[in-house]
Amino acid sequence: MEESEVMSTMESTLLVLAAVLKDLQTLTVAGAQWGDEGKGKIIALLAPLFDFVERFSGASNAGHTAYTPDGKKIVSHQIPCGLAAGKTCIIGRGLMFDPVRYADEYREASAILGDSVPQIWIDNQCTVWTPWHTILESWIERQRVKRSGKSINTTKRGVGPMAAIRDFRIDVKTWDLIGPRQKLIEKLDGIYENLKLLLEAELEARDCEDCLQVPAEVAELLLASSDLLARDVIDAGDLSRKELMQGSRFLFEAAQATMLDLLAGTNPFVSAGMSTAAGAAYGAVIPPKYINEVLLVAKFYPTRVGEGPFVSEIWDRSTAERFPEDHKELFVPSRVRDEFLARTLYRINNESASPADISQYLQVLQYERGASTGRGRSVGYPDLPTLRYAVEVNGSRYLALTCLDAMSGLDQIPIVVDYELPNGSIMPRGSMAVTDVLFETKPVTRVLPGWPKDIHGCRREKDLPPAARDVIRLIEQETGTHVLIVGTGPENDAIIVRPPKGSLS
Ligand code: IMP
């Protein structure tokens with residue numbers, strides 16, 4: 001397609017979305033499952049309709065992929081995806097901030113966007129990462145494995161310890177990065193003195209006793225980006241409240257997803273942040289009355305990295321995690337990859353494929369590996385119980401259903417409609433069993449007819465095969481939401497917008 005044609009497609013898509021969302025001052029975008037649902041693309045798509053895009057939670061553990069209007073790929077970790085759309089961005093107080101990775105991220109963005117990097121405001125009271133948080137994290141993980149044989153398998157960005165040190169109220173804040181050096185060192189001393197014994201024990205276990213950095217060294221590391229931050233660290237809560245009072249429109253960007261939320265997710269196999277829409281007001285330090293509507297991004301088939309229960313999982317987590325590393329040739333466009341996909345699809349359709357084949361087929365087809373860590377993601381069958389729960393928790397009226405194109409060519413689509421609990425009963429709709437129970441829970445599966453047509457890049461609902469339209473309707477009936485957006489590929493214009501009846505009049 002010509003570039004001008006792509007632009008006009010995107011313009012008309014945006015016009016429809018603008019009409020549907022016209023009455024909303026704010027929209028919060030959150031993930032329904034275990035992350036990697038494609039929030040980045042949806043946020044970049046919607047960003048032009050808002051004045052600000054604000055990230056309210058998470059840390060550098062997130063990896064949000066978005067494309068600029070002219071197709072340049074940007075993976076952001078802390079900067080909101082409004083970046084790709086050139087919108088003013090805010091890093092809210094709920095995000096735990098890593099200045100070293102931020103400087104790298106900013107440099108990469110500048111290399112891609114040149115002079116059009118938008119203004120990025122950073123709240124002055126974000127908790128700040130130090131190398132000690134990461135060492136403490138491996139200590140805690142080591143103890144966990146010793147005790148239970150299972151780690152959380154985190155992203156190793158020190159997220160849990162940052163939240164814990166913040167709760168102890170001895171953390172360093174972003175304002176300390178732009179203040180006097182000596183004051184920063186004093187604050188760092190407070191963390192260091194409290195953690196020293198644990199840090200030494202962890203480094204000894206790694207035979208690296210000399211690796212422990214003292215406060216003055218850590219201050220040096222953190223202050224390396226202070227020039228960059230000096231311009232942009234402000235009281236972003238105050239800015240957001242004033243702008244909202246004057247009628248500015250905000251798009252709130254969650255990180256991770258509902259099932260990784262500290263309280264709503266599968267604790268302890270979760271991240272340490274607020275990943276549901278409820279976190280938007282708290283993390284941006286604004287009144288909850290401004291959280292108008294929630295768009296929940298749900299990947300048609302869920303994926304998970306790290307440990308924890310995943311009832312609809314097709315196959316084995318640890319093999320899936322290593323798979324992209326062990327089979328690099330399948331994760332780059334090539335003839336070997338095309339042949340693998342064609343051969344495996346054939347076996348799936350004549351029912352001679354194993355669960356391993358099905359999982360690997362989807363993993364390869366969709367390049368399922370983490371944007372932050374490179375770990376392979378394990379794939380699950382479409383999972384209605386999790387989706388119904390996520391809709392209830394977030395109170396979302398709209399869904400963005402991504403990756404529907406991945407089902408193209410499958411004769412049949414198994415879909416998990418219920419969870420059978422260990423006592424033989426069916427989990428009540430909209431609820432979620434506790435983690436220990438979920439490990440013992442079985443999926444109740446129904447098989448839906450698939451469609452042979454490749455719907456990759458499809459942009460009109462009427463061009464979808466009837467079976468694909470039936471799937472969308474089923475999701476709507478089961479969740480009581482409206483599927484506003486259907487993703488049919490990673491490209492910006494691979495999208496179908498479905499305005500609710502009457503919303504354009
Ligand atoms: P942490 O956030 O590094 O503490 O990791 C806790 C759990 O959340 C681990 O299972 C991670 O794999 C998972 N996790 C954290 N961030 C993401 C994400 O952006 N996508 C998917 N999984 C994530």
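Trainee: Why do helices H4 and H6 count as oblique to each other?
Mentor: Angles under 35 degrees are roughly parallel, over 145 roughly antiparallel, 65 to 115 roughly perpendicular, and the rest oblique. Angles run from 0 to 180 degrees between N-to-C directions, and axes are lines fitted to C-alpha atoms, for helices over the stretch in contact. H4 (residues 131-148) and H6 (residues 181-205) have axes 9 Å apart. They are therefore oblique, as they pack at an angle of about 45 degrees.

Trainee: What kind of model is this?
Mentor: Residues are numbered from 1 along each chain as its sequence is written, and side-chain values use heavy atoms, leaving out hydrogens and water. Local features need pLDDT of at least 70, side-chain atom pairs count only at pLDDT 80 or more, and totals for chains, interfaces and linings use all residues, since this is a predicted model.

Trainee: How many residues of the contact of H4 with H6 are nonpolar?
Mentor: Contact means heavy atoms within 4.5 Å; H4 brings residues including Trp132 and Trp139, and H6 brings residues including Leu188 and Glu202. Ala, Val, Leu, Ile, Met, Phe, Trp, Tyr, Cys and Pro count as nonpolar, Asp, Glu, Lys and Arg as charged, and the others, Gly among them, as polar. One residue of the contact is polar and two are charged, while the nonpolar ones number 13.

Trainee: Which strands are the edge strands of the ten-strand open sheet?
Mentor: Helices (H or I, at least four residues) and strands (E, at least two) are DSSP runs, numbered from the N terminus. Two strands pair if DSSP finds at least two bridges between them. The order is S7-S6-S5-S2-S8-S1-S9-S12-S15-S16, with mixed pairing. Those pairing on one side only are S7 and S16.

Trainee: Which residue of S15 stands opposite Leu399?
Mentor: Strands S12 (residues 398-402) and S15 (residues 482-487) pair in the parallel sense over four bridges. Helix H16 (residues 466-479) packs on the sheet and touches both S12 and S15. Opposite Leu399 stands Val483.

Trainee: Which residue is joined to Pro268 by a cis peptide bond?
Mentor: Most peptide bonds are trans. Pro268 sits in the loop between strand S8 (250-253) and helix H10 (278-284). Omega is about 10 degrees, and the partner is Asn267.

Trainee: What is the phi of Asp207?
Mentor: Most residues other than glycine have a negative phi. Asp207 is found in the loop between H6 and helix H7 (215-223). Though not a glycine, Asp207 has a positive phi of about 55 degrees.
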